[in-house]
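Here are some notes for a reader opening this entry for the first time. Please keep the model in view while going through the points.

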Amino acid sequence: IISKNHIREALLSGAGLASSELGIDFNLIEPNVLRAVDARVGFFAVKVNEATAELLADELKEGLTNGETIDQIAKRIDKVFDYSEKFRSIRTARTEVIGANNAGQLQVYAEAGIEFKQWITARDEKVRLSHQIDGQTVGITEDFTTNLGNHLQYPGDRTGSAPPDDLINCRCSLIAVRTKE
């Protein structure tokens, strides 16, 4: 299970990556890290619980509609939790860690006075259509615009109104750009 410490480490890792990339000595201010971690964990907990509740409600409704027994409905519920443990754990870890890492990088870039940032995809056939914006360069405080028209400060950014389809399982990252071409 992903914890606050995992997300904190991912934020710090992103900050360290950015500091190394820029060749600067930078120490994140602990309260900023804690606020970012709390925001990510709070969002994660609410959304995962809402999604699980929706899956459970669907299975219960279908079981009741079909006149199934308690044992049959229990198997449906087990199926939801098995799905959550196996598939969703990897997807959630990827989403949270990469998003937190990107948030840490952006924070360092901004503090270091970097003026521009660039979206980098995983550059493979799995990159979703909406994220095929590799190389998009914007001002450090400006939003990237995905091919769905959503605005994100960084890959995995939840501060805006982007739907889960533009956030979950994202493998994209960002890099600092000193001058825009």
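1. Strand pairing. In β2, Gly139 is the bridge partner of Phe116. Two strands count as paired if DSSP finds at least two bridges between them. Helices (H or I, at least four residues) and strands (E, at least two) are DSSP runs, numbered from the N terminus.

2. Basis of the model. This is a predicted model, in which local features need pLDDT of at least 70 and side-chain atom pairs count only at pLDDT 80 or more, while totals for chains, interfaces and linings use all residues. Residues are numbered from 1 along each chain as its sequence is written, and side-chain values use heavy atoms, with hydrogens and water left out.

3. The sheet. The order β2-β1-β5 describes an open sheet of 3 strands with antiparallel pairing. At its edges are β2 (137–139) and β5 (173–177), each of which pairs on one side only. From one strand to the next, the twist averages 35 degrees; axes are lines fitted to C-alpha atoms, for helices over the stretch in contact, and angles run from 0 to 180 degrees between N-to-C directions. As background, strands of a sheet pair through backbone hydrogen bonds, either parallel or antiparallel.

4. The aromatic pair. A search of the whole structure finds 1 aromatic pair. Trp119 and Phe144 form this pair, which is edge-to-face, with 5.2 Å centre to centre and 75 degrees between the planes. Trp119 lies in strand β1 and Phe144 in strand β3 (residues 144–145), so the contact ties together parts that are 25 residues apart in sequence. For the cut-offs, rings of Phe, Tyr and Trp (its six-membered ring) pair if their centres lie within 6.5 Å, and planes under 30 degrees apart count as stacked, over 60 as edge-to-face and the rest as tilted. Trp119 is buried at 0% relative accessibility, and Phe144 is buried with a relative accessible area of 0%. Buried means under 20% relative accessible area, exposed over 50%, and partly exposed in between (1.4 Å probe, protein chains only).

5. Cysteines. How many disulfides does a search of the whole structure find? The count is 0, where a disulfide is a pair of cysteine sulfur atoms within 2.5 Å. For Cys170, the closest cysteine sulfur is in Cys172 at 3.9 Å, which is too far for a bond. Cys170 counts as buried at 3% relative accessibility, and Cys172 counts as buried at 4%.

6. Salt bridges around Arg76. The count comes to 7 salt bridges, each being a side-chain nitrogen of Lys or Arg within 4 Å of a carboxyl oxygen of Asp or Glu. One of them joins Glu59 to Arg76, with the closest N and O atoms 2.6 Å apart. This pair links distant parts of the chain, with Glu59 in helix α2 (residues 30–65) and Arg76 in helix α3 (residues 70–111), 17 residues apart. Glu59 is buried, with a relative accessible area of 14%, and Arg76 is buried at 13% relative accessibility. Arg76 also meets Glu68 in a salt bridge (2.7 Å, N to O).

7. Arg123 and its partner. Which side chain meets Asp134 in a salt bridge? The partner is Arg123, at 3.1 Å from N to O. Both Asp134 and Arg123 lie in the loop between β1 and β2, so the pair ties together parts that are 11 residues apart in sequence. Asp134 is partly exposed at 36% relative accessibility, whereas Arg123 is exposed at 57%. Elsewhere, salt bridges that share partners join Glu59, Glu62, Glu68, Arg76 and Lys79 into one network.

8. Positive phi values. Most residues other than glycine have a negative phi, and most peptide bonds are trans. In Arg123, a residue other than glycine, phi is positive, near 55 degrees. Asn169, also a residue other than glycine, has a positive phi near 70 degrees. Asn169 sits in the loop between β4 (151–152) and β5, and is partly exposed, with a relative accessible area of 27%.
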